[in-house]
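The following note sets out comments on the model shown below.

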Number of protein chains: 2
Amino acid sequence: MERSDMLKLVLLPILLAAVGVQGAVKQYDWTIDYAFWSPDCVEKLIIAINGQYPGPTIDATVGDTIVVKIHNKMPTESVVIHWHGMQQRGTPWADGTAFVSQCPVGPEDDYTYQFVVDNPGTFFYHGHHGMQRAAGFYGSLIVHPENITDEPFKYDEELSIIVNDWWHKSVHDQERGLYSNPFIWIGEPQSLLIEGRGAYNCSLVPTGAVANSGDCVTCNASVPQCQPYVLPVTPGKTYRLRIASVASLSSLNFILEGHNLTVVEADGHYVEPVVVNNLDIYSGESYSVLFTANQDPTRNYWAGINVRGRKPATPTGLAILNYLPNPSTLLPTTPTPVSPLWNDYNLSLAQAQLIKAHNSLEIPFTETSGSDKTIFLLNTQNRLNGVIKWALNNVTLVPLSTPYLAAYTYRRKLKTVLSASAPPPLTYTPGYDISSPPVNPNTTAGTGVYEFKLNEVVDVVIQNANTLTVNNSEVHPWHLHGHDFYVLGMGNGVFTSKDYAQLNYVNPPLRNTVPVFPYGWSVIRFKADNPGVWPFHCHIEPHFHMGMGVIFAEGTDLLPRIKLPAQNLGCGLTKNLIRP
Amino acid sequence: MERSDMLKLVLLPILLAAVGVQGAVKQYDWTIDYAFWSPDCVEKLIIAINGQYPGPTIDATVGDTIVVKIHNKMPTESVVIHWHGMQQRGTPWADGTAFVSQCPVGPEDDYTYQFVVDNPGTFFYHGHHGMQRAAGFYGSLIVHPENITDEPFKYDEELSIIVNDWWHKSVHDQERGLYSNPFIWIGEPQSLLIEGRGAYNCSLVPTGAVANSGDCVTCNASVPQCQPYVLPVTPGKTYRLRIASVASLSSLNFILEGHNLTVVEADGHYVEPVVVNNLDIYSGESYSVLFTANQDPTRNYWAGINVRGRKPATPTGLAILNYLPNPSTLLPTTPTPVSPLWNDYNLSLAQAQLIKAHNSLEIPFTETSGSDKTIFLLNTQNRLNGVIKWALNNVTLVPLSTPYLAAYTYRRKLKTVLSASAPPPLTYTPGYDISSPPVNPNTTAGTGVYEFKLNEVVDVVIQNANTLTVNNSEVHPWHLHGHDFYVLGMGNGVFTSKDYAQLNYVNPPLRNTVPVFPYGWSVIRFKADNPGVWPFHCHIEPHFHMGMGVIFAEGTDLLPRIKLPAQNLGCGLTKNLIRP
């Protein structure tokens with residue numbers, strides 16, 4: 001990092017504070033390194049922050065400036081950190097996406113992220129380089145409003161968990177398999193984790209599987225790291241439970257035994273309260289739910305997650321809802337939570353459609369406003385030189401080896417390949433049969449850039465289809481960087497002009513992640529008002545690395561005015577900028 | 001890489017050829033990526049070159065220019081390649097040592113090595129970043145003289161093998177254990193490999209361990225990658241067998257059942273022929289041995305390697321000496337080779353002392369010439385903040401995060417920490433008791449630079465001592481980059497002024513690696529006539545990464561004149577050189 005840039009980064013918060021700009025400066029100093037950890041009682045090398053897993057929680061207030069200096073101590077591996085749900089307005093260089101916003105931060109190198117948190121809600125951060133998120137490299141980012149009374153609901157206390165799925169193979173092994181020919185799939189997870197804790201092939205029931213399972217020799221009370229996470233509650237109080245999913249693969253379903261959940265926030269936006277008794281949560285999503293500890297206070301209850309959307313092969317991930325003053329070790333004797341049938345997609349769709357913008361949210365368009373541009377993205381599984389890929393409009397994403405943002409900012413000096421590859425198509429061939437494997441299974445590779453003029457209103461219709469396997473289509477949660485978007489609708493089958501009539505222009509929720517269901521579609525809208533380069537991709541870790549994404553470049557004529565910190569450079573063609 | 005530099009690199013060989021400079025240009029294009037491989041019948045993720053393990057052999061003639069363009073396709077890991085035994089005169093930037101000669105080459109980045117091979121002999125290349133050598137990232141580099149008749153010995157054909165030791169744990173797991181507190185040692189290897197092939201816990205004897213070992217389910221003829229390497233010979237002919245060791249940890253002993261070996265070359269220099277029936281080879285060393293296929297031609301013979309210098313816990317690594325026209329699958333029914341007792345160090349020392357410079361080698365000094373500088377390096381095991389380290393004169397090497405060569409070349413612009421840390425001591429406290437664990441086990445960290453004026457003659461006395469464990473001292477093969485050195489002598493106990501009398505100024509061998517035996521010493525001499533920055537370190541992979549090395553900076557006043565390719569930069573403080 002150039003010293004002058006470093007100084008700016010260090011001084012900026014001080015200057016901001018000095019001139020009375022609102023918000024505190026929250027400084028973090030994080031050492032990134034491998035650690036041996038046993039999230040599900042089986043030890044494995046993970047990526048930890050300051051020796052912790054999950055990483056430290058950032059707890060901030062709207063308007064705060066977050067400054068995170070990272071030191072990469074992994075001997076040979078590089079890193080970045082993506083701040084999921086942060087729009088990075090004015091700081092597109094801090095988005096933390098390898099080869100999009102920055103060069104990966106190499107071994108022994110430092111990097112300082114700095115951005116303002118401008119929206120209250122439940123967020124998180126995670127690695128966005130290779131499959132490092134699946135190596136345990138993530139943590140919570142909670143943004144509170146300035147006054148709790150600003151929130152359109154009431155609660156006594158809050159709790160927070162991140163859920164995910166877990167494999168015993170290293171992420172290097174997993175990732176190498178994905179681009180092997182023949183294909184080596186990662187398979188279903190070995191365990192499901194709540195706040196980084198689970199149990200491989202074990203039941204938490206005391207009389208349960210531990211003694212019965214030869215595989216589970218390490219599952220016992222002597223491994224503190226895999227003891228179930230405890231959610232302590234005082235009888236009678238109402239809680240806001242924040243739930244975020246960083247799952248690598250699985251669609252998860254959350255249940256709090258014996259308690260209804262009132263959904264009040266999704267991806268950092270208030271929603272009209274909805275009561276559910278189980279909650280589907282897709283990778284990349286976050287929710288706040290309210291519940292009241294109003295059940296029999298003499299016992300504890302299960303909090304559980306199960307796989308939906310794929311045929312489950314993984315035991316329920318469990319935590320303990322601990323009614324104080326019961327000991328947290330008092331395990332429920334009731335059966336562990338059972339979720340709806342994994343392939344009851346109508347149920348999934350119905351629940352997803354329940355989420356509506358809170359009535360306080362002003363929608364800046366009407367049914368007749370229209371958009372400036374509509375992109376139809378057909379989601380297919382294909383092959384590139386025999387290797388299985390995911391593609392959009394038959395283009396699989398092979399990112400530039402020079403960060404896109406630098407490629408735009410220094411477009412003249414770098415003479416990059418930005419112009420070399422044709423822009424991907426805005427739509428797909430009408431009449432494509434989504435119910436069968438692709439007739440032509442072959443795809444082409446592309447850098448995947450859609451360019452938008454500043455302030456263009458963009459609609460994207462994501463259309464799901466059959467994979468390479470007969471009678472198979474999968475759930476894909478799509479996540480957009482740099483923006484929230486309005487979810488105008490979701491449905492089954494092929495999206496046609498008739499479906500415009502069923503879109504929601506009245507109270508569409510603002511999200512940063514939207515599921516697209518098997519053989520179905522989802523429609524989103526956003527305004528390209530954030531100059532920068534923003535990936536839009538399936539949040540399933542292996543799918544993204546198999547090419548399931550596109551790149552949105554916004555206000556490209558403004559990008560040469562951005563001063564990228566030198567710390568963002570040093571790889572690919574940005575080495576051309578080295579002038580000793 | 002800067003385009004202009006790239007052009008120079010690409011054009012240079014063409015220009016050289018055009019102006020009639022001797023030697024061909026040999027171009028290689030290597031893709032570095034993980035691969036699933038079963039070197040000992042147990043599958044593991046390794047680092048392969050163009051999908052091969054071991055990497056491709058470079059076969060060149062003295063005077064050739066080698067150009068190797070690498071493409072790093074590992075998703076998150078960086079790489080370099082060190083050309084072991086190449087002196088890199090005039091090309092110190094191409095030495096391929098992470099954070100010494102260059103920044104590691106990041107994911108998706110390219111790098112082009114270019115150097116002249118100026119000495120015939122048996123060499124190799126390997127990763128020199130983290131513990132990547134132990135991940136299988138190595139291969140042979142053979143340099144032939146212009147005329148075979150230039151060699152001081154005769155043979156009909158040649159064969160070549162690289163030997164090493166092998167672990168099932170990933171190198172990331174291994175390395176993380178080494179700097180953990182409490183310490184997690186890598187343990188003894190699971191297998192020994194000859195030319196990348198071995199068998200875990202199996203005997204090659206058909207009636208042997210395969211059927212008896214439950215651990216060895218995968219050891220069978222259906223795994224071609226772990227079938228024993230075959231050395232085919234025609235009865236009556238004489239062979240030059242090249243042997244190099246890239247072992248991570250083990251001192252190895254090589255035996256060719258029923259055949260004496262005549263040592264004729266060591267580390268790229270001819271030696272006075274010596275006949276042995278087993279050959280100790282330390283990590284970083286290479287030898288050529290001659291043997292004649294003059295035994296019973298109706299059968300095949302074992303080639304075997306065993307561990308010496310550590311209590312062996314690993315089966316013999318085996319290959320097949322295949323007397324043609326016998327099938328290579330005709331396994332010997334004789335017992336597998338047995339090496340001398342692992343801790344008979346007097347035998348090891350005696351054999352090491354057998355190696356003398358060939359009488360054609362002119363020694364540029366006499367007993368009375370003296371050196372300009374003598375460095376005494378005391379080899380101890382210590383602790384730094386509780387973590388076990390190796391130290392020299394009580395300084396453990398913690399390399400700069402900016403490549404040393406760039407730090408010297410751009411010394412003014414980078415204002416690096418070169419001057420911040422005091423130079424390490426030239427000697428250690430007289431009277432240090434090498435027979436006991438250190439009285440003060442704590443060490444300090446340092447950048448380890450010894451600076452030399454151009455053409456200074458330097459002697460180094462490496463003194464071994466007891467580790468942190470009572471009654472334990474280990475073998476350490478020390479390797480110098482950028483030079484060969486004269487091995488003036490080796491001995492037991494503390495080196496004292498009396499020992500000068502027993503040094504060899506008459507026919508000391510030129511080597512690039514020298515073993516230092518337990519509780520013993522070795523003395524080397526070299527002339528600092530190669531401007532650059534050169535590591536001198538224990539070639540045992542975990543020992544180097546535990547700090548067992550120093551850095552020799554030569555002709556430092558000349559280094560600012562070197563034009564480093566931009567491809568060497570982009571990490572650490574070299575980002576200060578980025579000027580968009």
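1. Buried is used here for a relative accessible area under 20%, exposed for over 50% and partly exposed for values in between, with a 1.4 Å probe and protein chains only. Helices (H or I, at least four residues) and strands (E, at least two) are DSSP runs, numbered from the N terminus.

2. This is a predicted model, in which local features need pLDDT of at least 70 and side-chain atom pairs count only at pLDDT 80 or more, whereas totals for chains, interfaces and linings use all residues; side-chain values use heavy atoms, with hydrogens and water left out. Residues are numbered from 1 along each chain as its sequence is written, and chains are lettered from A and ligands numbered from 1 in the order in which they are written.

3. Strand β13 (residues 251-256) of chain B is largely enclosed by the rest of the structure, because six of its six residues are buried.

4. Pairing of strands requires at least two DSSP bridges between them. β13(B) runs antiparallel to strand β18 (residues 301-308) of chain B, with six bridges joining the two; within this pairing, Ile255(B) is the bridge partner of Gly304(B).

5. A nonpolar core is a set of buried Ala, Val, Leu, Ile, Met, Phe, Trp, Tyr and Cys residues joined through side-chain atoms within 4.5 Å. The largest one has 194 residues, and Trp30(B) and Trp83(B) are among those with the most contacts inside it. Contact means heavy atoms within 4.5 Å. Beyond its neighbours within four places in sequence, Trp30(B) touches residues including Ile49(B), Pro56(B), Val68(B), Trp83(B) and Tyr125(B).

6. Chains B and A each contribute 45 residues to their contact. The buried area, meaning the accessible area (1.4 Å probe) that two parts lose on being put together, summed over both, is about 4100 Å², with 54% from carbon and sulfur atoms. On the chain B side, Thr76(B), Lys575(B) and Pro580(B) lose the most area to chain A, together 16% of what that side buries.

7. Four salt bridges (a side-chain nitrogen of Lys or Arg within 4 Å of a carboxyl oxygen of Asp or Glu) are counted between the two chains. One salt bridge joins the side chains of Asp33(A) and Arg176(B), at 3.7 Å from N to O.

8. Chain B superposes on chain A by a rotation of 180 degrees with 0.0 Å of shift along its axis (RMSD 0.0 Å), which is the relation of a two-fold axis. The superposition uses least squares on the C-alpha atoms of residues with pLDDT of at least 70 in both copies. The copies meet through the same surface, because 100% of the interface residues of chain B are also interface residues in chain A.
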